[in-house]
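Please keep the sequence and the coordinates in view while reading.

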Amino acid sequence: MFTKLTFADANASYENAEFVIFGAPFDGTSCFRSGSRGAPLAIRKASYNFELYYPAYDIDLGDISFCDLGDIDVSTLVDETLAFIQSEMKRIIGDGKTPIMIGGEHSLTCACVRAFSDVNVVVLDAHLDLRDEYAGTRQSHACVSRRILDRVGVESYASLGIRSGAREEYDFAKQNGVRFYSATQVQSEGVVNITQDLIKYLGKGKIYLSIDMDVIDPAYAPAVGTPEPFGLTPDDIRYILQALAPRVVGFDLVEISPDYDHGQTSLLGAKLIREFIVVKGSVKNERTTTTG
Ligand code: MN
Ligand code: MN
């Protein structure tokens, strides 16, 4: 059931882990460049490239307890796969831990969100993903934000980095007041201002964060299912991740298609996952230290 290679430095048992990583090697609805089923393994391999120490936080990643369960069982059917993921997410959340899913394609995020009862959702993506149906299924990666909206409502959802969608998707967003920030807006107003605005819009609740790696410009992250030029930089994404991480209760990173990589996209994916653990983990460590 589980692959042998685990994410680098994931030394905790499930019982002791604060963060729980699992892979979801499913790309059954991918339409352009499939292959994201290979991403969990490619990202795990890439994770061995990095130092343990994070100077900006004066912390070793190994001081934070996290585990890697390996890959979850997936089916060839999207609905069945979503059900597996939702129940695994529920178990992890129920045990008071922060789940981190390595996709796989973006459709899987929907199952992750459904596992939470009350959560805001932030999606970083080049695409609106607001189609009601695509290629005969309502569970396509191209519909994922629409399905998330069905679940949480517009007041609890925002996407960022957007630069692509069908006319019908832009119409839907406008008619329903869906909050999204375009890549151009991020470039012109600056990532700091946009992130502040997003935080203000969502209010104080918990956040589920989904990173569709195509939000990043293909120059930095070429190996994605549906690459889209004029994207955000890795630094933009790191800034957003750092700003949101303390409030993030569930996280996924999806849509890397390693066959198209020279290694850099998986490296970036692995680093973002490590960054998330360090930022959220060090906030907790600080709290523990200051409260004795
Ligand atoms: Mn997407
Ligand atoms: Mn996308």
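Is D129 buried or exposed, and what is its relative accessible area? The model is a predicted one, and in it D129 has a relative accessible area of 5%. Buried means under 20% relative accessible area, so D129 counts as buried. H106, with a relative accessible area of 1%, is buried as well.

The manganese ion (ligand 1) is coordinated by ND1 of H106 and by OD atoms of D125, D129 and D212, at 2.1 to 2.2 Å. Along the sequence, these donor residues follow the spacing H-x18-D-x3-D-x82-D. Distant parts of the chain are linked here by the pair H106 and D129, which are 23 residues apart. H106 sits in the loop between β5 (98–103) and α3 (109–114), while D129 sits in the loop between β6 (120–124) and α4.

D125 bridges the manganese ion (ligand 1) and the manganese ion (ligand 2), and the ions lie 3.2 Å apart. D125 and H127 are both buried.

Strand β4 (residues 66–71) is mostly covered, with 6 of its 6 residues buried. Strand β1 (residues 19–24) pairs with β4 in the parallel sense, over 4 bridges. One point of reference is V20, whose bridge partner in β4 is C67.

Helix α5 (residues 167–176) has two sides to examine. E169, F172 and A173 in this helix are buried. Seen down the axis of α5, the buried residues fall within an arc of 100 degrees, so they line one face of the helix.

What do the buried residues of α5 pack against? Their partners are α4 (144–152) and β8 (179–182). On the other side of α5, R167, E168, K174 and Q175 are exposed. Just after the helix, G177 takes a positive phi of about 65 degrees.

Definitions and conventions. Residues are numbered from 1 along each chain as its sequence is written. Chains are lettered from A and ligands numbered from 1 in the order in which they are written. This is a predicted model: local features need pLDDT of at least 70, side-chain atom pairs count only at pLDDT 80 or more; totals for chains, interfaces and linings use all residues. Side-chain values use heavy atoms; hydrogens and water are left out. Buried means under 20% relative accessible area, exposed over 50%, partly exposed in between (1.4 Å probe, protein chains only). Two strands pair if DSSP finds at least two bridges between them. The arc is that of the directions from the helix axis to the C-beta atoms. Contact means heavy atoms within 4.5 Å. Donors are N, O and S atoms within 2.8 Å of the metal (3.2 Å for Na, K and Ca); water is not among the atoms, so sites may look incomplete.
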